Amino acid sequence: MFAAKPTSRFVYLTVTLLLLLSFFVSITAYETSDGNGDGEDEFEGIEELIALDEEEESQQNQGSHVKSTEAEVIVKAQRIVLELNSDNTKRIIDGNEYVLVLGYAPWCPRSAELMPQFAEAATSLKELGSPLLMSKLDAERHPKTASSLGISGFPTLLLFTNGTSQPYTGGFSSEEIVIWVRKKTGVPVIRINSVTEAEEFLKKHHTFAIGLFKKFVGCEYEEFVKAATSHNEIQFVEVNDIEVAKVLFPNIKPNSLFLGLVKSEMERYTTYEGTFEMDQILDFLDYNKFPLVTILTELNSIKVYSSPVKFQVFVFAKADAFKNLLKLLQDVARKFVSKIMIVYVDITEDNLAKPFLTLFGLEDSEDTIVTAFDNKISSKYLLESDPTPSKIEEFCSGLLQGTLSPHFRSQAIPDNKEESVQIVVGKTFDNLVLSGDKNVLLEVYSPWCIDCETTSKQMKKLAKHFKGLDNLIFARIDASANEHPKLKVDDYPTLLFYKADDKSNPIKLSTKSSSKDLAAFINKNIGVQDQVSKDEL
């Protein structure tokens with residue numbers, strides 16, 4: 001080893017001291033001096049860090065208009081979010097009127113996706129003077145603390161009001177978090193009094209509901225406020241000046257009473273034409289809040305699945321193909337607004353695309369696929385022609401009118417020439433099982449079923465035993481890859497006997513029966529015992 005030079009020793013010592021100093025500042029920033037749980041000392045450390053950031057940024061950007069990078073903004077915002085642990089969680093929650101807790105796990109991709117949105121929301125709420133304290137808890141590192149708060153999945157958001165929790169029910173963008181928090185902490189409606197205020201509001205909000213009232217009193221106004229309090233995702237604003245209203249909703253009708261929805265897309269302005277009742281206002285918002293074409297993500301998936309719009313068309317495509325399709329899809333969607341929801345899913349995103357595509361047996365496809373769901377009757381449909389705009393529009397019309405044929409998953413039609421036990425798929429179920437004039441013993445199985453192998457061996461023995469019998473077919477179907485509207489089976493394996501003269505009422509046999517018992521049942525029901533071969537079972 002070589003001796004360190006004096007300069008190296010000096011550098012090493014300096015770096016060590018800086019690290020120790022940084023560690024000391026980090027610790028003291030979050031410690032409290034009195035232990036009363038009022039949270040004030042936590043904010044003192046945070047304020048110092050933010051002040052240092054602002055001073056450094058001012059010095060670096062003096063004389064220039066260079067904006068902070070996205071990473072710098074996130075880092076600064078994350079310093080406003082208090083890190084909870086086993087020691088400080090109870091004190092922080094009990095010592096503050098409002099605390100929003102984000103329970104996360106470092107390895108969770110949805111937590112990672114939500115974290116910057118959460119931090120950005122913290123910055124916005126601080127600027128708005130919100131009394132809320134934003135905090136986060138590593139639930140993997142502090143499992144007991146997480147469990148005591150009711151955090152079991154990731155990410156989990158909980159709002160504590162004077163120590164009592166309620167689950168978060170809003171959206172997951174920074175804007176949606178801010179809206180939900182402000183509504184739950186006493187600001188359900190923002191009142192805008194001037195054109196300047198309206199212009200500033202538009203810089204920060206992309207989606208909102210606007211109410212124009214001559215006076216902020218009366219039954220209609222009360223229903224508006226009730227709707228604003230109940231709806232967790234959309235910010236409500238109120239105005240009583242038509243000129244101010246025109247800044248927010250340019251084509252507003254010059255009435256003394258008006259409600260409209262503003263969105264950040266081509267179909268930006270939607271006018272409400274119903275009566276001012278809370279339930280009707282909420283329905284209007286829920287049916288119209290989504291864009292013409294919704295891009296499915298991990299964070300908005302729950303909102304999409306729970307939409308009251310029960311007719312949903314899903315377009316699966318690669319990102320480049322979607323760019324070329326987007327305007328065309330928007331043109332189609334415009335014709336079915338509030339009746340059909342059109343959703344785009346990136347076909348390369350396995351977590352989002354495969355669960356749907358598996359329902360159609362298309363999980364390995366890389367081509368553009370258009371499907372549809374009628375969530376009222378749990379039916380699914382597949383566009384089997386090229387997904388041109390005209391075909392997609394025709395597909396949507398058929399969905400709305402109820403003229404589409406439901407899609408049932410099916411494997412390719414097999415060659416059964418050499419099979420003693422015929423392989424049935426969705427496409428051949430009618431012909432092989434239901435339509436023929438022969439008796440059929442059908443084994444319904446799934447590849448992952450442990451007990452199915454024993455039943456399959458038993459079927460082969462029975463097929464050999466009854467070989468040469470013209471009025472009996474032995475068959476099997478993989479229910480995980482094939483569907484038919486008249487095959488409703490939940491347990492695997494299942495044995496169903498379809499009598500030649502009563503195919504609509506199959507007899508369910510016990511899969512625990514011995515081969516001899518099954519053979520006796522068959523002999524009894526086909527009535528040709530003397531023709532059976534004498535092979536031992």
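**Aromatic pairs and salt bridges in the predicted model**

Across the whole structure, a search returns 26 aromatic pairs, a pair being two rings of Phe, Tyr or Trp (its six-membered ring) with centres within 6.5 Å, called stacked if the planes are under 30 degrees apart, edge-to-face if over 60 and tilted for the rest. One of them joins Phe 213 and Phe 276 edge-to-face, at 6.1 Å centre to centre and 80° between the planes. This pair links distant parts of the chain, with Phe 213 in strand E7 (residues 208-213) and Phe 276 in the loop between strand E10 (269-271) and helix H11 (278-288), 63 residues apart. Helices (H or I, at least four residues) and strands (E, at least two) are DSSP runs, numbered from the N terminus. The model is predicted, with local features needing pLDDT of at least 70 and side-chain atom pairs counted only at pLDDT 80 or more, while totals for chains, interfaces and linings use all residues. Residues are numbered from 1 along each chain as its sequence is written, and side-chain values use heavy atoms, with hydrogens and water left out.

Phe 213 and Phe 276 are both buried, where buried means under 20% relative accessible area, exposed over 50% and partly exposed in between (1.4 Å probe, protein chains only). Phe 314 and Phe 316 provide a stacked example, 6.3 Å centre to centre with 25° between the planes, and both are buried. Phe 213 and Phe 276 also belong to one aromatic cluster, whose members include Phe 216, Tyr 221, Phe 224 and Phe 284.

Turning to charged groups, the structure holds 19 salt bridges, each a side-chain nitrogen of Lys or Arg within 4 Å of a carboxyl oxygen of Asp or Glu. Glu 83 and Lys 136 form one of these, at 3.8 Å from N to O. Glu 83 lies in strand E1 (residues 82-84) and Lys 136 in strand E3 (residues 133-138), 53 residues apart. Glu 83 is partly exposed at 31% relative accessible area, whereas Lys 136 is buried at 12%.

In the bridge between Lys 303 and Glu 176, the closest N and O atoms are 2.7 Å apart.

Lys 380 and Glu 483 meet in another salt bridge, with 2.7 Å between the closest N and O atoms. Finally, shared partners join Glu 176, Glu 233, Asp 286, Lys 289 and Lys 303 into one salt-bridge network.
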